Structures are given as structure tokens and as C-alpha cells.
Amino acid sequence: MRIAILDDFQGVSRGFGDFSGLDVTVFTEPLTDVAAQLADFDGVIAMRERTRFPAEVLQSLPRLRLLVSTGRRNAAIDLAAAATLGITVCHTGYRPAAAAEHTWALILAALRHVPEEDANIRAGRWQSTVGTELDGAVLGLVGLGNLGRRVARVGAAFGMETIAWSTNLDATRAAEAGVTAVPKEELFERADVMTIHYVLSARSRGIVGAADIARMKPGALLVNTSRAGVLDTPAAADAARRGDIRLALDVFDTEPLPAGDPLRDLPNSVLTGHIGYVTEQQYRTFYADAAEDVRAYLAGAPVRVMKP
């Protein structure tokens with residue numbers, strides 16, 4: 001069985017998972033033609049939702065019998081089509097701490113101007129910025145699931161007041177997490193730091209739009225480590241370019257971010273290349289589980305099977 005490991009940009013998959021004895025090919029660059037490049041493979045290990053597998057792509061891969069996705073869910077895979085085509089889809093474990101920690105890395109980098117001050121030191125300059133404290137500020141959360149609650153706990157440690165909104169947020173459950181549930185309009189009007197922690201779906205696409213961004217305080221920080229699709233990124237970028245808000249992004253509509261993308265020159269922003277989940281511990285979970293998924297499938301007893 002020929003196995004393709006996709007989007008291993010750092011070339012580290014073999015070091016984190018035991019793929020010995022398996023016929024594995026590692027792709028360290030994004031695929032440019034999925035049907036052509038994967039035509040000779042029986043199994044694919046996909047990195048998160050980076051490569052899309054809608055019905056038409058799955059139908060173009062007649063040899064494909066096993067598709068493993070890192071993480072516990074993958075909106076880029078048509079599970080119903082896979083089932084119809086006899087393709088087994090499996091998932092791996094996932095460590096939520098990584099993305100929550102990176103959210104705070106972006107918040108602190110943006111509010112204390114870490115990228116600029118690092119560049120200053122290297123260029124022989126000294127103190128060109130004035131930072132913003134978190135103590136006493138309002139933290140706003142779009143979504144209060146596992147990740148949102150982790151971010152809220154850190155906010156409390158910094159002395160922040162935390163408010164949250166989601167379409168079905170229960171006030172009692174929010175209070176149990178030390179968070180106050182508020183209407184969406186109030187969330188965007190009051191937050192000094194706004195972070196997004198929402199699962200991307202047809203209903204949540206664009207759930208943070210231009211009207212929401214327009215309600216934000218002057219100079220407030222908007223952070224997205226979730227999925228690009230939940231945020232109207234062009235509207236957020238326009239607001240940052242005008243100096244209305246500050247912006248910190250780890251996810252983008254097109255990934256990797258194209259060379260000529262205007263976001264690369266965006267002021268009032270901190271940008272990272274979808275590294276919120278990229279940690280040694282996370283990769284060990286992803287690739288060790290992926291190798292186990294392949295071996296279990298070959299043994300006729302698939303594990304962690306994803307159902308439509």
C-alpha cells in the first residue's frame with residue numbers, strides 16, 4: 001500500500017511517527033494538482049484542512065482506500081462521498097493547548113510590539129513603541145468551547161475581565177468558566193482584545209463580519225487562530241490599514257500566503273503562518289496516531305474512523 005504524507009513543510013513526519021516498513025512518500029510542498037500527484041497512492045495522510053477532498057477530488061483518485069486526517073475533524077473532506085466510494089477516513093488525536101497558547105503569543109506580541117522591537121534591537125535602535133497592558137482590560141471571546149475556555153483562564157491570570165458570545169452560548173455555562181455571556185453587539189463594542197475560537201461550518205462562515213469589526217474600539221486587537229473562513233479577513237485588514245484596529249492572524253483564506261498578497265505589508269498587525277498547532281507534542285500525536293491508523297487499516301481493524 002503506497003502512502004502519501006501531505007504538507008509536511010518542515011520534513012519532520014518520519015521523526016514523530018513510526019512509519020518503518022511502510023511505503024511512504026512525503027510531500028514537503030503544497031500540492032498543485034491533487035488528482036495527478038496522488039493518482040498512484042492507496043492511502044493519504046492529510047495535514048488538517050489544508051488540502052481539500054470534495055467529492056470530485058475523491059472520485060478522481062480510484063486507488064484511494066484510506067484517508068487519514070490529523071486532528072479530530074476535517075471540514076475539507078466529503079465524508080459522505082468517501083463512504084460511497086468505499087474510502088475509509090480516520091482521524092488522529094489533537095492537543096488543544098497548542099492553539100490556545102499561540103493565541104496568547106500573538107496577543108502579547110501585538111500589544112507589546114515584539115516584532116518591531118526585536119527588529120529595532122537588531123538594527124541598533126532603542127525603544128520606538130509604547131505597549132498596552134492587559135491588567136484591567138476586557139477580553140472578548142467569539143466562541144467558548146474547549147479553546148475559548150483555555151484562553152479565558154489565561155485572561156483571568158492577567159487580571160482581565162472576560163466576556164463571550166456564540167450563537168448558542170448558555171449564560172450559566174459561561175459563568176462556570178468565569179466568563180460573562182453578552183450579546184454580539186456588546187462583545188465587539190466592549191472588548192479591548194477580541195479572539196475567535198469557532199469551528200468553521202456553512203453556518204459560521206463569515207460570522208465575524210465588517211459590521212462587527214466596525215463596532216470595535218479604536219486600537220482594539222482582533223486575533224484569529226481559528227479558521228480564516230469565520231472572519232471577513234479583507235474587512236479586518238482594511239480596518240487595520242486605516243489604523244482603526246490592530247490585527248493578529250495565524251490563518252488565511254489562501255495558504256501558504258501568496259508572495260504578492262497585500263496582507264504581507266499590512267500595518268498594525270502580527271502575522272504567523274498557521275503555526276498555532278505546530279508543536280513537538282502536537283506533531284508527535286498527529287504522526288504517531290496516523291501511523292497507527294495505517295497499520296490498523298492494513299490489519300483489517302481500522303481505528304478512529306470518521307463517519308458522515
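## Basis

Residues are numbered from 1 along each chain as its sequence is written, and side-chain values use heavy atoms, with hydrogens and water left out. Because the model is predicted, local features need pLDDT of at least 70 and side-chain atom pairs count only at pLDDT 80 or more, while totals for chains, interfaces and linings use all residues.

Helices (H or I, at least four residues) and strands (E, at least two) are DSSP runs, numbered from the N terminus.

## Helix α7

Helix α7 covers residues 146-157. Its 12 residues should span 16 Å at 1.5 Å a residue; the expected span is 1.5 Å times one less than the number of residues. The end C-alpha atoms are 17 Å apart, which agrees.

G148, V151, A152 and G155 are the buried residues of α7. Buried means under 20% relative accessible area, exposed over 50%, and partly exposed in between (1.4 Å probe, protein chains only). Seen down the axis, the buried residues of α7 fall within an arc of 105°, so they line one face. That arc is taken from the directions from the helix axis to the C-beta atoms. R153 and A157, on the other side, are exposed. The buried residues pack against α5, β6, β7 and β9. Contact means heavy atoms within 4.5 Å. Just after α7, G159 has a positive phi of about 85°.

## Helix α11 and the cores

In α11 (residues 233-242), T233, A235, A236, A237, A239 and A240 are buried. Their cover includes α10, β10 and β11. At the helix start, a side-chain oxygen of D232 comes within 3.1 Å of the backbone nitrogen of A235. G243 follows α11, with a positive phi near 85°.

The largest nonpolar core has 32 residues. α11 gives the most to this core, with 5 residues. A nonpolar core is a set of buried Ala, Val, Leu, Ile, Met, Phe, Trp, Tyr and Cys residues joined through side-chain atoms within 4.5 Å. V142, I213 and L222 have the most contacts inside the largest core. Beyond four places in sequence, the contacts of I213 include L222, A235, A236 and A239. Another core, of 24 residues, lies apart, with L106, L144, A164 and V193 among them.

## Backbone sites

E255 and P256 are joined by a cis peptide bond, with omega about -5°. P256 lies in the loop between β11 and β12. N268 is found in that loop too. Its phi is positive, near 55°, though N268 is not glycine. N268 is partly exposed, at 38% relative accessible area.

D7 also is not a glycine, yet has a positive phi of about 55°. D7 sits in the loop between β1 and α1. At 3% relative accessibility, D7 counts as buried.

How values were computed:
A polar contact is a pair of N or O atoms within 3.5 Å; within protein, one must be able to donate a hydrogen and the other to accept it, and residues adjacent in sequence count only if both atoms are side-chain atoms.
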